Amino acid sequence: MYDKRPHGVSHFIGEHIHEGDPGSRSLDVVLKPGMLISCEPGLYGDFTATIDGKRYRESIGIRIEDDLIITKSGFENISEHIPRTVGEIEALMK
């Protein structure tokens, strides 16, 4: 069940993609310009769908990640141009 996963909505990115102590949420770290973090909220649960008369039920999770560089005035989303929709991904495959 996905409600038992230790995921937060972010992690540091450095020499390793998941930088820092994996058991820590790093809530005591003040973000500074130049730091790189992820922003990846997730949707988890039990989902059902009926497709062509067949019923499907799955326990799944999905996370869509953005990578943010901290600036003096906020942040810059350095992954904003990555395709996310089915149409955008299919267009790249043609």
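I started with burial: 15% of the 94 residues of the protein chain count as buried (buried is under 20% relative accessible area, exposed over 50%, partly exposed in between, with a 1.4 Å probe and protein chains only). I am working with a predicted model, where local features need pLDDT of at least 70, side-chain atom pairs count only at pLDDT 80 or more, and totals for chains, interfaces and linings use all residues. Residues are numbered from 1 along each chain as its sequence is written, and side-chain values use heavy atoms, with hydrogens and water left out.

**Entry 1: the outline**

I looked up the elements and found one helix and six strands (helices are DSSP runs of type H or I with at least four residues, strands are E runs with at least two, numbered from the N terminus). Read from the N terminus, their order is β-β-β-β-β-β-α. I noted an accessible surface of about 7800 Å² for the protein chain, with 57% of it belonging to carbon and sulfur atoms (areas come from the Shrake-Rupley method with a 1.4 Å probe, and for residues only the protein chains shown count as cover). I also checked contacts (heavy atoms within 4.5 Å). Taking those between residues at least 6 apart in sequence, 46% join residues at least 24 apart.

**Entry 2: the sheet**

In what order do the strands of the open sheet stand? I read the order of its four strands as E1-E2-E5-E6, with antiparallel pairing (two strands pair if DSSP finds at least two bridges between them). E1 (12-13) and E6 are at the edges with a single partner strand each, so one side of each has no neighbour in the sheet. A reminder to myself: strands of a sheet pair through backbone hydrogen bonds, either parallel or antiparallel.

Then I followed the pairs. E2 (residues 36-39) and E5 (residues 66-71) run antiparallel and are joined by four bridges; here isoleucine 37 has leucine 68 in E5 as its bridge partner. E5 also pairs with E6 (residues 74-77), antiparallel and over four bridges. A hairpin of two residues leads from E5 to E6. On this side I found isoleucine 70 bridged to phenylalanine 75 in E6, and threonine 71 bridged to glycine 74 in E6.

Is aspartate 66 buried or exposed? Aspartate 66 counts as buried, because its relative accessibility is 19%. I placed this residue in strand E5. Leaving out residues up to four places away in sequence, aspartate 66 touches Ile37, Ser38, Cys39, Asn77, Ser79 and Arg84.

Its side chain makes a polar contact of 3.1 Å with the side chain of serine 79 (a pair of N or O atoms within 3.5 Å; within protein, one must be able to donate a hydrogen and the other to accept it, and residues adjacent in sequence count only if both atoms are side-chain atoms). A polar contact of 3.3 Å joins the side chains of aspartate 66 and asparagine 77.

Next I turned to asparagine 77 in strand E6, which is buried at 19% relative accessibility. A polar atom of the asparagine 77 side chain lies 3.2 Å from the backbone nitrogen of glutamate 80.

**Entry 3: salt bridges**

How many salt bridges does the structure hold? I found three (a side-chain nitrogen of Lys or Arg within 4 Å of a carboxyl oxygen of Asp or Glu).

- Aspartate 66 and arginine 84 meet through their side chains at 2.2 Å, N to O. Aspartate 66 is in strand E5 and arginine 84 in the loop between E6 and helix H1 (86-93), so the pair ties together parts 18 residues apart in sequence. Arginine 84 is partly exposed at 32%.
- Glutamate 40 and arginine 63 meet at 3.2 Å, N to O. Glutamate 40 sits in the loop between E2 and E3 and arginine 63 in strand E4, so this pair ties together parts 23 residues apart in sequence. Glutamate 40 is buried at 7%, while arginine 63 is partly exposed at 26%.
- Aspartate 46 and arginine 57 have their closest N and O atoms 3.7 Å apart. Aspartate 46 lies in strand E3 and arginine 57 in strand E4, 11 residues apart. Aspartate 46 is partly exposed at 37%, and arginine 57 is exposed at 56%.

**Entry 4: a nonpolar patch**

Leu43, Phe47, Ile60, Ile62 and Ile64 make a nonpolar patch of about 450 Å² (patch residues have over 30% relative accessible area and no salt bridge; like charges are joined within 9 Å, nonpolar side chains, meaning Val, Leu, Ile, Met, Phe, Trp and Tyr, within 5 Å). Strands E3 (42-51) and E4 (54-63) are the elements that give two or more residues to the patch. Isoleucine 60 is in strand E4 and counts as partly exposed, because its relative accessibility is 40%.
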